[in-house]
Amino acid sequence: SKPRRAALLKEFTARAGDPTKGGTAGQVETAYRQDALTCAAYLAQAGPSKGADVARATGVTRATRIMADNHHGWFFRAARGIYALSDTGAATHQATLQTKG
């Protein structure tokens with residue numbers, strides 16, 4: 001169907017590379033997860049920041065929405081409009097650095 005095709009093409013173009021190893025075991029690396037990891041990496045380096053600053057610095061246009069929704073549990077609202085990295089987010093960021101480097 002046209003809507004499903006459009007959604008899939010949008011997802012594939014938003015992804016950076018193909019980091020998913022394949023198979024049914026393991027985490028699927030979606031574009032959303034990649035964007036969340038990018039936001040987490042920025043917050044790990046810069047500390048608590050405004051969503052707009054994260055979006056501007058990383059190029060992730062939906063950064064504020066990702067941090068506010070917090071589906072992965074990586075972020076928390078430190079103050080009004082200010083987001084920070086949770087302990088879980090910091091651990092995930094460190095684990096990502098170890099697997100990449």
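From the N terminus on, the elements of the protein chain follow the order α-α-β-α-α-β-β-α. The model is predicted. Five helices and three strands are present in the protein chain.

The protein chain holds 101 residues, and 29% of them are buried.

Helix H2 covers residues 31-46. Its 16 residues, at 1.5 Å a residue, should span 22 Å. Several residues of H2 are buried, among them Ala 36, Leu 37, Ala 40 and Leu 43. Arg 33, Gln 34 and Asp 35 are also on the buried list, as are Ala 31 and Cys 39. In an α-helix there are 3.6 residues a turn, so residues three or four places apart point the same way. Gly 47 follows H2. The phi of Gly 47 is positive, near 85°.

The count of aromatic pairs comes to one. Trp 74 and Phe 75 form this pair, with ring centres 6.5 Å apart. Their planes lie at 65°, and an angle over 60 degrees counts as edge-to-face, so the pair takes that class. Trp 74 has a relative accessible area of 3%. For Phe 75 the value is 4%. Buried means under 20%, so Trp 74 is buried, and Phe 75 is buried as well.

Notes. Residues numbered from 1 in each chain as written. Predicted model: local features only at pLDDT ≥ 70, side-chain atom pairs only at ≥ 80, totals over all residues. Heavy atoms only, no water. Helix = DSSP H or I, 4+ residues; strand = E, 2+ residues; numbered from the N terminus. Buried < 20%, exposed > 50% of the residue type's maximum accessible area, 1.4 Å probe, protein only. Expected span 1.5 Å × (residues − 1). Phe/Tyr/Trp six-rings, centres within 6.5 Å; stacked < 30°, edge-to-face > 60°.
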